[in-house]
Amino acid sequence: MYGGTLQEYQQEIVGNMQAVLMVGIWLLVGLITGGVDLLLRRPKSIWNGVATVLLDFAVVNLVTLLTIRFIRHRAYIFEPAAYYGRFDVQYIVFAVLFGIAFAFFKAFAYGELQLEKEKFHFTPLTITITVVAIILGVLGTVVWCAAWWFNSFFGGMTPEQMIYNFFSPVTGAVGDGVTDVITRPVFLAVSVIFVLVMLMFMPLALSKKGRIVVHNKAVKIATWVLSVLLLVGGTTYAYTTVHLDKIIKAYTVKSEFIANNYVNPATARLQYPEKQRNLIHIYFESFENSYLDKAHGGYMEHNLIPDMMKLSEEKDAVHFSNRSTWGGPHQTYGSSWSVAGMVNMTFGIPMKVPTDGNSYGLQGNFMPGAAWLQPDRHVRRRR
């Protein structure tokens, strides 16, 4: 019989499953790398094959874990719970790519594989295909690198936040941002494009023990296909992570929801109770539930806001959450950043971002046409 509660029992089962998943990912990476290694270098005996797979398993997982811990500065490499979600996919992709590179390195080092020069005769058709492939590869690489940088630099922004940042006038120093753009997405994109172009024009072939096994024509075809995959993958990644579909919808679709449901305080007849109560708005800037520990729905090892959590648990406190642990309500459109939240609370309307430029008003006169109610019942209009 299990002595703990049902919840503890369920947590133990989940923890065991996550531990099995973590070990399974390590084994999968080792088997894939070992399989590629065995195909490239035929072992002399079964024991040599087993030793090769075990060595690949150890080296690839060790290098991957060291890279994540000391280069990517991730401290949760031995936590089974971390190997659930996007981290496990990222781990497998990086480890498999490194493992394949490691297997090829050993094959070249032991003389099993060699690079040889093989001429390729360009025809008008192949020249056209190469030019189109370069254009597609460049477009896909630029879109992918731009979306990746935007997500890593600005975080998970909603579509209206993105449009607001693009169209709002920004002043001040931008040196750090420009440096980051040059040293990360621009540098990465130029490097990928350089490798693509080099593969398309260099007369390289791969031989094994003096016999060509991968002709230069196959290398070029693979590079053409890779260019198309870069375009498809980069566009898909940008479409799903930067919310291009919602941004396009914001530009092209007109909704009558606000016009049909908005109540103008300048014309509405409002009645107040005899005994009125004060309403105090308190705004928090950059306050997140992620500051909580993981047990309460946050991201931290230790709770950084114990007093705030205790305050929310008081008898008369009101706390909204979209899950069983600490969380927040589902945010409505035009309310998911600081200025928008203030506009919601003050005027009772979402902050729709203008797509035709900065139409909020002149400098120093923000949203001049908006109206709100003051405690003295008089309608005030922003001037």
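The following legends describe close-up views of a predicted model.

**Figure 1. Packing of helix 4 against helix 7 in the predicted model.** Helix 4 comprises residues 124-154 and helix 7 comprises residues 216-241. Their axes come within 7 Å and cross at roughly 30 degrees. Because angles under 35 degrees count as roughly parallel, helix 4 and helix 7 are described as roughly parallel to each other. The crossing of helix 4 and helix 7 is left-handed. Classified by residue type, the contact of helix 4 with helix 7 contains 14 nonpolar and 10 polar residues, with no charged residues.

**Figure 2. Crossing of helix 2 and helix 3.** The axes of helix 2 and helix 3 come within 9 Å, and the crossing angle is roughly 125 degrees. That angle makes helix 2 oblique to helix 3. The crossing of helix 2 and helix 3 is right-handed. Helix 2 spans 46-71 and helix 3 spans 86-109. Phe 98 lies in helix 3 and is partly exposed, its relative accessible area being 25%.

**Figure 3. Positive phi at His 73.** His 73 is not a glycine, yet its phi is positive, at about 60 degrees. Most residues other than glycine have a negative phi. His 73 is found in the loop between helix 2 and helix 3. With a relative accessible area of 60%, His 73 is exposed.

**Figure 4. Positive phi at Lys 209.** Phi of Lys 209 is near 55 degrees, a positive value in a residue other than glycine. Lys 209 is placed in the loop between strand 2 (204-208) and strand 3 (211-214). Its relative accessibility of 66% counts as exposed, because the exposed class begins over 50%.

**Figure 5. Aromatic pairs and an aromatic cluster.** A pair of aromatic rings is described by the distance of the centres and the angle of the planes. The count comes to 9 aromatic pairs. One of these pairs is formed by Tyr 83 and Tyr 91, with 5.7 Å from centre to centre and 65 degrees between the planes, an edge-to-face arrangement. Tyr 83 and Tyr 91 are both buried. The rings of Phe 120 and Phe 122 have their centres 5.1 Å apart and their planes at 80 degrees, so this pair is also edge-to-face. Phe 122 is partly exposed, with a relative accessible area of 27%. One aromatic cluster is made up of Trp 26, Tyr 76, Phe 78, Tyr 83, Phe 87 and Tyr 91; the edge-to-face partners Tyr 83 and Tyr 91 are thus among its members.

**Figure 6. Arg 69 over the ring of Phe 70.** Arg 69 lies over the face of Phe 70, at 5.7 Å from the ring centre.

**Figure 7. His 281 and Met 342.** His 281 lies in the loop between helix 9 (257-261) and helix 10 (306-312). At 32% relative accessibility, His 281 counts as partly exposed. His 281 and Met 342 are 61 residues apart in sequence, and their C-alpha atoms are 9.3 Å apart in space.

Key. Residues are numbered from 1 along each chain as its sequence is written. This is a predicted model: local features need pLDDT of at least 70, side-chain atom pairs count only at pLDDT 80 or more; totals for chains, interfaces and linings use all residues. Side-chain values use heavy atoms; hydrogens and water are left out. Axes are lines fitted to C-alpha atoms, for helices over the stretch in contact, and angles run from 0 to 180 degrees between N-to-C directions. Helices (H or I, at least four residues) and strands (E, at least two) are DSSP runs, numbered from the N terminus. Angles under 35 degrees count as roughly parallel, over 145 as roughly antiparallel, 65 to 115 as roughly perpendicular and the rest as oblique. A crossing is left-handed if the near helix is turned anticlockwise from the far one by less than a right angle, and right-handed if clockwise. Ala, Val, Leu, Ile, Met, Phe, Trp, Tyr, Cys and Pro count as nonpolar, Asp, Glu, Lys and Arg as charged, and the others, Gly among them, as polar. Buried means under 20% relative accessible area, exposed over 50%, partly exposed in between (1.4 Å probe, protein chains only). Rings of Phe, Tyr and Trp (its six-membered ring) pair if their centres lie within 6.5 Å; planes under 30 degrees apart count as stacked, over 60 as edge-to-face and the rest as tilted. A charge sits over a ring if NZ of Lys or CZ of Arg is within 6 Å of the ring centre and within 35 degrees of the ring normal.
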